[in-house]
Every structure is written in structure tokens, then in C-alpha cells.
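Here is a friendly walk through one model, with a look at helix packing, charged pairs and a strand residue. Keep the structure open beside the text as you read.

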Amino acid sequence: MAVDYSKLSILIVEDDNFTRGLIRKVLKEIGVRSILESSNGKDGLMEVVRTRPDIVFCDIHMAPMNGKQFLQGVRGIKVKDVDKTPVIFLTGDADLSTVRFAKEHNVNGYLVKPISLAKLRDSIDAVVSSNVGMAQWLT
């Protein structure tokens, strides 16, 4: 079974323009067509509610709302199924307390920068294959 990346809608929440562009480029290379972007957690949270992306890649260190607050916001939303939106952290932070926080708040993946095409693809594959509601993206 393979993932049909062209059917996925992915939101990138990243405050660094260069990094956001790099992630967008890699997602396009693997075939993702619907790529949404937000430059901070606050706007990203509104984008999740508005567009209901299939997966969110989110930086941890941002302002005014950081990735941890973003994740708590997504998990605490009282909108049907939005609270279950898969979130994958993208960060340069491999600190144990951050990793522990991510697990406690049901993060769906954790990628340490710099990212690669293979790591990004593997994290999407893991989310899709472990999420029963995403079976329609498997070919």
C-alpha cells in the first residue's frame, strides 16, 4: 500500500520563511498538491479550523503562539474531529522535556531539523497508515 500524496491537504506552521519554503518544495516533490501555510501558531490554529487540513507540520519555537500552545489549542478545540488533526512537530529541539510534552499531547510525529525528503515522506506515511480515517489516501 502506498500513500497518494496528491490527495492530501497539508498545513505548514513555521515562522521562518526559508524553512517554510523548503518544506513546501519538498512536499511538492513528493506530490502534495494542496499546501497551506501560516507563519505563526495563532494564525495556524485559525487555518486548521477554517480549512481542516489532513496533516499539520508545525515548528515548536514561534511567537506569539509557539508549537506547544498550537498543539494544545488543536487538541482542545471543540469542533468535531478537528481536535484529532494529525500534528507533526518540526524542530531543531531534541530536548527530552519537549519530546515528553509532545507525547503527552498526542503529537503524531517528531522530526528534528534539518528535514529531508525521506524523513518527511516517512512521517506522512506513518500518520496515514496508522490513522483509520485516512484509508482513502492509500493506493
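At what angle do the axes of helix α1 and helix α5 cross? In this predicted model, the axes of α1 (residues 17-29) and α5 (residues 117-130) cross at roughly 70° and come within 10 Å. Before going further, a word on the ground rules: this is a predicted model, in which local features need pLDDT of at least 70 and side-chain atom pairs count only at pLDDT 80 or more, while totals for chains, interfaces and linings use all residues. Residues are numbered from 1 along each chain as its sequence is written, and side-chain values use heavy atoms, with hydrogens and water left out.

**Helix packing**

Two packed helices are described by the angle between their axes and the distance between the axes. Here axes are lines fitted to C-alpha atoms, for helices over the stretch in contact, and angles run from 0 to 180 degrees between N-to-C directions. Helices (H or I, at least four residues) and strands (E, at least two) are DSSP runs, numbered from the N terminus.

The angle between α1 and α5 therefore makes them roughly perpendicular to each other (65 to 115 degrees; under 35 counts as roughly parallel, over 145 as roughly antiparallel and the rest as oblique). Their crossing is right-handed, meaning that the near helix is turned clockwise from the far one by less than a right angle. On the α1 side the contact (heavy atoms within 4.5 Å) is made by I23, V26, L27 and E29, and on the α5 side by L117, L120 and I124. These residues divide into 6 nonpolar, no polar and 1 charged. For such counts, Ala, Val, Leu, Ile, Met, Phe, Trp, Tyr, Cys and Pro are nonpolar, Asp, Glu, Lys and Arg are charged, and the others, Gly among them, are polar.

Now turn to helix α3 (residues 67-76) and helix α4 (residues 96-104), whose axes lie 11 Å apart at an angle of about 10°. That makes α3 roughly parallel to α4. K68, L71 and Q72 of α3 meet T98, F101 and A102 of α4, a contact that divides into 3 nonpolar, 2 polar and 1 charged.

**Charged pairs**

Side chains of opposite charge can pair when their charged atoms come close. How many salt bridges does a search of the whole structure find? The search finds 9, where a salt bridge is a side-chain nitrogen of Lys or Arg within 4 Å of a carboxyl oxygen of Asp or Glu. Among them are these pairs:

| Pair | N to O distance |
|---|---|
| K7 and D4 | 3.7 Å |
| R20 and E37 | 3.0 Å |
| K80 and D81 | 3.5 Å |

E37 lies in strand β2 (residues 34-38) and R20 in helix α1, so this pair ties together parts that are 17 residues apart in sequence. R20 is buried at 11% relative accessible area, whereas E37 is partly exposed at 31% (buried means under 20%, exposed over 50%, partly exposed in between, with a 1.4 Å probe and protein chains only). D4 is buried too, at 18%. Elsewhere, E14, D59 and K113 are linked in a network of salt bridges.

**A strand residue**

L90 sits in strand β4 (residues 87-91) and is buried, with 1% relative accessibility. Leaving aside neighbours within four places in sequence, its contacts include I23, D59, K113 and L120.
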